[in-house]
Amino acid sequence: MSDEGGAGGESEHGDEAAGEDRPENRPHRFDRLPATADERTVPDRPTRAAVLEWFEERFGIPPGAFEGYSLWERGAGKIWVLAEADKPEPDAVDVEALGMTLLRTRQEYWKPTMAGVQKVGGHATRNILELDDERAARFLAGEEQDLEWEGDWGYLIVAHEIAGGVEPLGVGLYTYGTLRSQVPKGRQREL
Amino acid sequence: MDVLERYEPLVGDFAAFLAACERPLPSVVRVNTLRTTVERAREALAEAGLEPEPVGWHPGLFRLSGQPGANWPYAHGWLHGQEEVSAVPARVLDPRPGDVVWDATAAPGSKTTQLAALMDDSGRVVATDNNIGRIAALRSNTERLGVTNTAVTTEDARNHSLKPFAHDAYDRALVDAPCSCEGTVRKNPDTLEEWTMEHVEGVAAVQKGVLRRAVQATREGGTVVYSTCTFAPEENEAVLDYVLGEEDCRPVEMALPLEYAPGVTEWQGETYDDRLTRAARIYPHQNDTGGFFCAKLEVTG
C-alpha cells in the first residue's frame, strides 16, 4: 500500500467498508470528501464545502448545482463526482472509476476537468471566455493563442455557440495575453 | 464469406443476406440526452454538414453522411458513434431511473452510456470489463458523455464481486457478450478470416460463465438481457439453453421495433429449449444493419 498524501491518525471514520482503520489517502480507493473541516480525518483532503465554495467563488456556480452529487478523492487531489441522490454508497469504494473526474486540487491553483466544466459549466456566471468558431476550433485542437481578456487570469471556462446556444467546451489557462488550451490530448480534434 | 455458408439453413433469403454482408455500414450516432436534446443535436449535425437522417425505430439515432468523430456536437459530448443494432439490448433491458444495473462486459461503453442516459444518470450502473486497454476506452466515453451514475470495475465478470457497493443484487443486468463478431462483418471484413470453431467453443464457455453470474447477481423478478453480434447458435441459443438448465430464469417475449427472426431450437443435431423462439436474430438484410442476437430473461429465484 502506498502512503501517498497521508499520515496515520486514530479515527475509524469512513473506513469500515474496506476493513481499514488508518485514515490516509489510498491512491487506488475512492474516499468520500468530508463535508467540512471538522469531519476531516485525512490531512489536506479538500472538503465538500471547500470545493463548492471554490466553484461558486471562481465561476459563480451555485452550490445547488451539486445537489444529488457526492464528491470523492482518489489519489492526492483528484476529485470525482458521483450521482448519489438515490443509491447511497459506503464512504470508501475500491473500484476502477466512480462517476466522473471533476477537479484537480493538488497544485496551488485548482483546475477543473474538461468533463467537469462541460457538466456544471452551464451554471457559471463569471470567468467564462466565449470564443468565436475559428478561435474555438484552435482551442479544441490544443493550440495556444494570443487574446485580449479583461477578466481574471488563471483557469477559465471556454465556451462557444452551438445550435443556437452558448455551451461550455473546456478549460483554458489565461496569463499574459495568452490562452493555453487545457483540452486533454485524447479529446483534441482538428475540425 | 465462406464461414457464413453454415447459416444458410437458418437465414430466409440467403442471397440477400450475403449481399448485405458485403455492403459497408453507414455511420450512425446516438444522441447523448444527458447533454442535449435530440432536436439540438440534429441542428448541430446539420450545421456540421453531416446530413443527419433519423433512424425510424429508435429516437435519437441518426445516420450520417460522414464520419462522426470530428465535429462540434461530438466535442461537446452530445453524440456517441454507435452501430444501429448495438442500440437494441439497452432498449430491451429497459432500465428505469433509480435502478441498479450491471453491465457485465461493458467496454468500450456504448451500452453503458446508453443505459445511463435511459436512467437519467440516476440510480447506479456498474460497468465491468477485464481488459485494461478497453477499460480506458470505456472511461474516456463516460467522461466525454458526462456520465456520473456509473462505477467501473476491472475484473473477470464470471467472478463479479458486489463487495465494494451498498447494493447486494441488481434490478437488471446486461450481458453483451464478447463473441466471434460475425455480425460486424460489414464494419470489419477481416472478422471472418480469423474465425475458427475452437474460438467459438472457447468464447461460448466464457459466455456461459458470465451469463450465469449475471442471473445469480440479479434479484428475483429482475431482468437479464443476453446479446451478441454473432449468428452462431453455439454462442447464442446454446448458451441460453445451458444457463436455463443451471440457473433460475426463463426467457420472456419481447417486441422489437425492427424486423427480426425468432431464435432457433435446432442446430446441427442439437436441440434447445422451445422457449428460445422468444429470442431475436437480426440479420443484416432485414433492416440494413449489422447482425445481432438478443434474448430477454426474467430471474425467477
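Tutor: We'll go through the chains, their strands and their contacts. One caution: this is a predicted model.

Student: Okay, chain B. How many helices and strands does its secondary structure come to?

Tutor: Chain B has 9 helices and 15 strands. Its radius of gyration is 18 Å, close to the 19 Å that the globule rule gives for 301 residues, so chain B is as compact as a globular protein of that length.

Student: What does its C-alpha trace span along the principal axes?

Tutor: About 55 × 50 × 35 Å for chain B.

Student: And what share of chain B counts as buried?

Tutor: 54% of the 301 residues. Look at the contacts too. Take those in chain B with a separation of 6 or more: 76% of them join residues 24 or more positions apart.

Student: Switching to chain A. In what order do the 6 strands of its open sheet come?

Tutor: The order is E4-E1-E2-E3-E6-E7, with antiparallel pairing. Strands E4 (92-93) and E7 (111-112) of chain A stand at the edges. Each has a single partner strand, so one side of each is left without a neighbour in the sheet.

Student: Let me zoom in on one pair. How many bridges join E3 and E6 of chain A?

Tutor: There are 4. Strand E3 covers residues 78-83 of chain A, strand E6 covers residues 100-104, and the two run antiparallel. One example to find: Lys78(A) has Arg104(A) as its bridge partner in E6(A).

Student: Which strand of chain B does E7(B) pair with in the parallel sense?

Tutor: Strand E6 of chain B, residues 124-129, over 5 bridges. In that pair, Thr128(B) has Thr153(B) as its bridge partner.

Student: New topic. How many residues are in the largest nonpolar core?

Tutor: It has 123. Those with the most contacts inside it include Trp80(A), Leu98(A), Val175(B) and Tyr226(B). Helix H7 (residues 197-217) of chain B gives the most to this core, with 7 residues.

Student: Tell me about Leu98(A). What does it touch?

Tutor: Leaving out residues up to four places away in sequence, Leu98(A) touches Phe30(A), Trp72(A), Trp80(A), Leu82(A), Val93(A) and Ala151(B).

Student: Back to strands. Which residues are on the covered face of E10 of chain B, and which on the uncovered one?

Tutor: Strand E10 is residues 249-252 of chain B. Cys249(B) and Pro251(B) make the covered face, while Arg250(B) and Val252(B) make the uncovered one.

Student: Why would the side chains alternate between faces?

Tutor: That is how a regular strand works: its side chains alternate between the two faces of the sheet.

Student: And which strand does E10(B) pair with?

Tutor: Strand E15 of chain B, residues 292-299, antiparallel over 4 bridges. Val252(B) has Lys296(B) as its bridge partner in E15(B).

Student: Last one: domains. Where are they in chain A?

Tutor: Domain 1 is 16-122 and domain 2 is 127-187. Their C-alpha centres are 25 Å apart. The contact between them takes 10 residues from each. On the domain 1 side, H2(A) gives the most, with 3 residues.

Student: And in chain B?

Tutor: Domain 1 is 2-25 + 83-299, and domain 2 is 26-82. The C-alpha centres of these chain B domains lie 24 Å apart. Domain 1 of chain B puts 19 residues into the contact and domain 2 puts in 14.

Terms used
Residues are numbered from 1 along each chain as its sequence is written. Chains are lettered from A and ligands numbered from 1 in the order in which they are written. This is a predicted model: local features need pLDDT of at least 70, side-chain atom pairs count only at pLDDT 80 or more; totals for chains, interfaces and linings use all residues. The radius of gyration is taken over C-alpha atoms; the globule rule is 2.2 Å times the number of residues to the power 0.38. A residue is buried if 20 or more other C-beta atoms lie within 10 Å of its own, exposed if 12 or fewer, and partly exposed in between; C-beta atoms are placed from the backbone. Two residues are in contact if their C-beta atoms, placed from the backbone, lie within 7 Å. Two strands pair if DSSP finds at least two bridges between them. A nonpolar core is a set of buried Ala, Val, Leu, Ile, Met, Phe, Trp, Tyr and Cys residues joined through C-beta atoms within 7 Å. Domain bounds come from an automatic or database domain assignment.
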